[in-house]
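Please open the model in your viewer and keep the sequence panel beside it.

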Amino acid sequence: MSITTLLMTSILIFVALGISKSQKIHLEKEMVIGIIRAIVQLSLIGLVLTYIFEIDNRIVTTVILMLMVYNASRVATKRGKNKEELKKVAFFSIFAGTAIPMSVLIITGAIEYVPSQVIPVSGMVIGNAMVALGLTFKQLHDNFTSNFYEIEIKLALGATERVASIHLIRDSIRTGMQPIVDSMQTLGIVQLPGMMTGLILAGQSPVLAIKYQIMVTFMLLSAVAITTSIGAFATYRKYFTEEKQVKRI
Amino acid sequence: MLLFEMRNISVKINNTNIIKNLSLTIRKGEFINIIGPSGSGKSTLLRLFNRLSSISSGEIYYCGKNLNETNPISLRKEVGYVFQKPYLFGEKAKENLEYPLSIHNIYLEKDYIFNMLRQLNLEQDILEKDCENLSGGEQQRICLLRTLMLKPKVLLLDEITSSLDPVNTKIVEEFIVNIYNEFDVTIVLVTHNIQQAKRMGKRTIFLEKGEILEDAETNSYFTGNKKEQINRFFDK
Ligand SMILES: Nc1ncnc2c1ncn2[C@@H]1O[C@H](COP(=O)(O)OP(=O)(O)O)[C@@H](O)[C@H]1O
Ligand SMILES: [Mg+2]
């Protein structure tokens with residue numbers, strides 16, 4: 001695709017702006033900002049990626065991956081309380097949720113530890129882990145808020161913190177994993193995932209694209225399972241005091 | 001034998017003293033009422049006995065041991081608590097009775113449960129019923145039974161009849177008295193009803209604004225001159 005072609009497709013922007021203006025949706029300003037940001041950010045990342053792919057250095061690649069995990073952990077904890085504590089947990093759980101499946105892919109030879117492969121694949125993993133973890137944290141918080149009385153009754157019966165809240169922990173893990181499990185079931189029927197679409201558009205055979213997509217699905221599933229369960233089991237104790245009382249939040 | 005001893009304890013929440021420099025002893029086998037106006041700190045005080053709440057200063061001893069050094073889990077297994085508002089978890093009523101047994105790996109003879117159910121005026125088939133279909137009175141009786149599954153040495157009861165009608169209240173009261181007579185148990189019962197206090201514990205502690213105003217035989221509250229605040233409370 002040439003730059004001229006790309007510029008010509010920008011006519012679509014004016015369709016959206018036109019609708020917004022004529023229908024008084026008042027999104028024009030935000031749309032323009034969004035468009036400019038998208039172009040600038042993507043161009044920059046394009047330059048950075050080109051540079052990183054060229055130098056092809058393992059240390060640089062690893063640093064980039066850690067930065068991605070770090071950013072994701074900040075986004076996943078954007079809304080929680082006790083942010084500092086939670087960020088550490090988020091970093092560790094996203095890190096583990098990414099490192100484990102990625103190691104399997106590298107050891108089995110599905111991908112190589114070169115930036116052009118690990119960075120985009122990790123990006124998918126980290127992005128999904130981040131969203132799942134955010135959901136798990138939120139659900140855990142809601143569960144502890146709305147089930148305060150039940151937890152207290154169980155503690156009063158001599159239950160440990162873990163026993164008193166295990167069903168809530170499990171529920172929050174389930175909530176975090178649900179979207180990926182749901183989307184797995186409609187894969188190929190309702191939507192062709194972005195990565196697969198990209199490969200096909202770039203001229204790869206659909207068979208290869210599907211192989212990669214299946215691999216990505218396995219990977220995302222395990223990443224999300226690892227991240228949400230580490231995240232939930234590492235945070236539930238924060239809802240209890242040292243004297244094994246449930247905190248009022 | 002001294003079971004609980006509280007020495008100059010205070011409870012501070014958000015910079016207000018809910019319990020103020022209170023001292024109190026409970027001997028093994030006593031049946032004590034704690035009475036006082038709403039907001040006087042009765043629940044807060046009761047929750048200290050099984051460490052559901054914490055003291056800000058002072059000391060509490062349980063069987064001669066500082067409560068801070070006890071394991072809250074084993075303490076709570078011995079010192080049972082029934083809450084004011086009946087609440088059952090799970091789907092069926094029986095899950096509530098199985099729960100304390102399963103988390104502590106205890107086996108209990110069926111007869112114990114059936115006997116308790118009978119004393120509580122409940123049919124055996126209540127165990128198979130959905131919790132949400134039980135009346136408030138039935139729920140509270142199952143809550144009581146849930147705590148008794150662990151055969152606690154101490155029973156802490158926080159206004160457990162406050163949401164019940166007179167018929168259910170009578171059943172529960174008689175049951176508590178039976179339990180007290182039948183088992184080797186110490187009971188601390190919180191109530192805001194002096195008539196109930198009269199039917200229950202022999203000793204009554206009157207609490208106001210986090211302080212003990214009176215600690216005497218329950219009967220003595222009905223004779224002689226009482227402190228002004230207590231009279232005012234009775235007149236209501
Ligand atoms: N967790 C808490 N946070 C803030 N205030 C509390 C808390 N628990 C109790 N209080 C306050 O302490 C006082 C005593 O409460 P409580 O022990 O429940 O009294 P009672 O059981 O006698 O009605 C009340 O004024 C209540 O508002
Ligand atoms: Mg109360």
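## A tour in stops

Begin after helix H10 (206-235) of chain A, in the segment where A:Lys244 lies. This is a predicted model, and in it A:Lys244 has a positive phi of about 60° although it is not a glycine.

**The two domains of chain A.** Next, colour chain A by its domain assignment, which gives domain 1 (1-55) and domain 2 (57-246). The centres of domain 1 of chain A and domain 2 of chain A, taken over C-alpha atoms, are separated by 29 Å. Where the two domains of chain A touch, four residues come from domain 1 and six residues from domain 2.

**A serine in helix H8.** Now select A:Ser165, which has its place in helix H8 (residues 161-186) of chain A. Is A:Ser165 buried or exposed? Its relative accessibility is 0%, so A:Ser165 counts as buried. If you display the surroundings and leave aside the neighbours within four places in sequence, you will find A:Ser165 in contact with A:Phe144, A:Tyr236 and A:Phe240. A polar atom of the side chain of A:Ser165 also lies 2.7 Å from the backbone oxygen of A:Glu161. For a sense of distance, select A:Val190 as well: A:Ser165 and A:Val190 are 25 residues apart in sequence, and their C-alpha atoms are 37 Å apart in space.

Following H3(B) you will come to B:Asn105, whose phi is positive, near 55°.

**The sheet of chain B.** Then show the strands of chain B and trace an open sheet of six strands, in the order E6-E7-E8-E3-E9-E10 and with mixed pairing. Strand E6 (79-82) and strand E10 (211-217) of chain B stand at the edges and have a single partner strand each, so one side of each is left without a neighbour in the sheet. From one strand to the next, the twist averages 15°. Helix H5 (residues 136-148) of chain B packs on this sheet, where it touches E6 and strand E7 (154-158) of chain B, and the direction of H5(B) makes about 170° with that of E6(B). Within the sheet, zoom in on strand E3 (residues 31-35) and strand E9 (residues 203-208) of chain B, which run parallel and are joined by four bridges. One place to look is B:Asn33, whose bridge partner in E9(B) is B:Thr204.

Finish at B:Asn14, in the loop between strand E1 (2-13) and strand E2 (16-27) of chain B. The phi of B:Asn14 is near 50°, a positive value in a residue other than glycine. With a relative accessible area of 76%, B:Asn14 is exposed.

Note on methods:
Residues numbered from 1 in each chain as written. Chains lettered and ligands numbered in written order. Predicted model: local features only at pLDDT ≥ 70, side-chain atom pairs only at ≥ 80, totals over all residues. Heavy atoms only, no water. Pairing = 2+ DSSP bridges. Helix = DSSP H or I, 4+ residues; strand = E, 2+ residues; numbered from the N terminus. Axes fitted to C-alpha atoms, helices over the stretch in contact; angles between N-to-C directions. Contact = heavy atoms within 4.5 Å. Buried < 20%, exposed > 50% of the residue type's maximum accessible area, 1.4 Å probe, protein only. Polar contact = N/O pair within 3.5 Å; in protein donor to acceptor, adjacent residues only side chain to side chain. Domains from an automatic or database assignment.
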